[in-house]
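These are my notebook entries on one structure.

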Amino acid sequence: MATLTTPAKTRATDARTDGPVHGGVTAAAAVHRAPRKIGRRVALLVGLLVGAVFAGFPVFWMLISSFKTNTEIFAYPPQIITQGFSFDAYLAVLNDPEEIRFFINSYVVALSVTALTVVFAIMAAYAFSRYEFRGKKVMNVIIIGTQAVPPIALIIPFFGLMVTLGLYNTYAGLILTYIVFTLPYAIIMMTAYFNTLPKELDEAVKVDGAGAWTALWRILVPISVPGIVSVAVYTFMISWNEYLFALTLTRTNDLRTVPVGIQLLIGQNSYEWNQMMAISIMGSIPVLLLFLIFQRYFIGGLTSGSVKS
Amino acid sequence: MTALRTGRTPSRFGSARLAGKSAPYGFVAPTAILLVALMVVPIILVIGYSVSDGAITTKNASFAGLTNYITLLTDPEFWNAALNTLVFTVSSVAAHLLIGLGFSLMLNSKLIGAVPRAVFRVIYILPWLFTAAIIAVLWRLLLDPQGVINYLLQSVHLTGSPIAWFGDPSTALLAVTVMNIWAGYPFFMISLLAGLQGVPADLYEAARVDGASPVQQFFNVTLPQLRPIIISMAMLDVLWTTQQFALIWLTTGGGPISVTEMLSTFTYKLAFTGFDFSAASASAVIVLVFSLIVAVFYVRSQRSES
């Protein structure tokens, strides 16, 4: 603490000479306040930097390790600026058809799940937002309750079901599984979005002779793009990242997704750490990009949700 | 055109009324079918498996009553896993709350500008953007006996010889917990940050007029205002942390000598390495019941707020 206050005080003296004095505050009070404020600012900055090291260092280490040669990974002392800086690890991943396959599988599964979830969620949310119907309450309870069901409780019957249905070790089995996990929250998000749109919008179209189906897809969906995008981003992230079911419901390497594939490298190539870090970076890029693009939107959505409650 | 439309008037109204009644079922049909087939049915199945012998592995499993549950509840391995899950969950959730609160307070401070705030926010959210399988591999690299964390600890003389954090029975639970703390605090932080931004400024103004110090303001204004968010986030986090599987499975696999065995890994091993699907189902049902109890409390707390 002592080391922190000393520089703060010296800076405070500068602030007194050329810093602005607030109107209505006496010079003496300003002098008294300024060092405190600067001291606080320095403490905050130190806190922020410590936090940044805690949060960011592992990611930084993953990134630089992906540019190292495998012998440099455990160099003593650890190297931050590597002599052997190269993209070799990335090229090795890109030149391995099996590892490329993990990416293709992840994209096929995540994109299919996203498309189907969005369509089903739009339909169900429309019914929830615009209609009263028998069984609505029961469905609502199931949709909310589903989110509390632990994956480990479902993995055993899913395994049994998928084997029975002949969907074990297929894309279809994995896609169906993921939809069940992504759909409930997608419906909740989408219903909340539709509820913000006035009913008069689709009523007007229906009076003109169009059915509910047309009203939904021609009128509501085009103006709900922001809501649909956040449902899609959420769904893609969940399916891209899923591990337990991908591990259990697939058997052959040609159906493994990225999260499972990374783990296979551990045994297969006897700790090619640089390659594992490279495939980790490459495997994270879709989610990182989606987050960075829709960040404002994502946090904004969360904000409104939390503040309302 | 007009004539056609007028001509169709009666039938249009008729079909609209009919559509009005049947339409919602058409819209919810895909969801309903999926949820029944892949959510309701599996839950019934797993309960069925848990009261039978030789589920999945034998063609006609026999009814076993509660014997699977009794065997499980008298198995010290089960209680070991339950205790580990408890320790892991309580320390993770507490740390998530403290770190999330600390980071969100710093990010919400008026003393930093908009640009550094945005930069630090992205850095703090980083762990949330990586999937568990990747985080596990990354932490294995970081915590390797020859890895960078051992090097740093040794260079400041906190530890003598390098430690195999995930391999040593005395440090493995600590290691997986620290990893999970790192992996899981951002969601807490984002929600708390949103909550902080929603605290009315005049509450602070009133506290300042009353002469409250920043610390007093924190305990008398900030914390009570954040209480609903803290409670709901803590319950969600308990749900997620008790279910954590990938992080454990890919680092310690529950070992060494079961010191990091969680209910999730314990259940998984019963099923997919021991092929005792009946016992595994009993364990899964216990986890399910616990989760549903937490969920009921969660929904109640949400309701009482609104």
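How much of residues 82-298 of chain B is helix and how much is strand, and how far apart are the end C-alpha atoms? I found 73% helix and 0% strand over that span, with the end C-alpha atoms 21 Å apart. Helices here are DSSP runs of H or I with at least four residues, strands are runs of E with at least two, and both are numbered from the N terminus. UniProt positions are in the numbering used here, feature names are shortened, and annotations may be inferred rather than shown by experiment.

Before going on I noted the ground rules. The model is predicted, so local features need pLDDT of at least 70 and side-chain atom pairs count only at pLDDT 80 or more, while totals for chains, interfaces and linings use all residues. Residues are numbered from 1 along each chain as its sequence is written, and chains are lettered from A and ligands numbered from 1 in the order in which they are written.

**Entry: transmembrane regions**

For chain B, the unreviewed UniProt entry places "transmembrane region" at residues 27-51, 86-107, 119-142, 173-194 and 277-299. I checked two of these. Residues 86-107 of chain B are 100% helix and 0% strand, with end C-alpha atoms 31 Å apart. For residues 277-299 of chain B I noted 100% helix, 0% strand and 31 Å between the end C-alpha atoms.

For chain A, the spans listed under that name in an unreviewed entry include 141-165 and 171-194. Residues 141-165 of chain A are 80% helix and 0% strand, and their end C-alpha atoms lie 27 Å apart. Residues 171-194 of chain A are 100% helix and 0% strand, and the ends are 32 Å apart by C-alpha atoms.

**Entry: helix pairs**

At what angle do helix α4 (residues 97-130) and helix α7 (residues 171-195) of chain A pack? I read about 40°, with the axes 6 Å apart. Axes are lines fitted to C-alpha atoms, for helices over the stretch in contact, and angles run from 0 to 180 degrees between N-to-C directions. That makes α4(A) oblique to α7(A); angles under 35 degrees count as roughly parallel, over 145 as roughly antiparallel, 65 to 115 as roughly perpendicular and the rest as oblique. By class, the contact of α4(A) with α7(A) has 21 nonpolar, 6 polar and no charged residues. Nonpolar means Ala, Val, Leu, Ile, Met, Phe, Trp, Tyr, Cys and Pro, charged means Asp, Glu, Lys and Arg, and the others, Gly among them, are polar.

In chain B I looked at helix α9 (residues 201-209) and helix α10 (residues 214-242), whose axes come within 10 Å and cross at roughly 140°. That angle makes α9(B) oblique to α10(B). Leu203(B), Tyr204(B) and Ala207(B) of α9(B) meet Gln217(B), Asn220(B) and Val221(B) of α10(B). Two residues are in contact if their C-beta atoms, placed from the backbone, lie within 7 Å.

**Entry: between the chains**

How many residues of chain B are in contact with chain A? I noted 80, in contact with 72 residues of chain A. Helix α2 (residues 9-50) of chain B gives the most to that side of chain B, with 20 residues. The side of chain B that touches chain A divides into 60 nonpolar, 16 polar and 4 charged residues.
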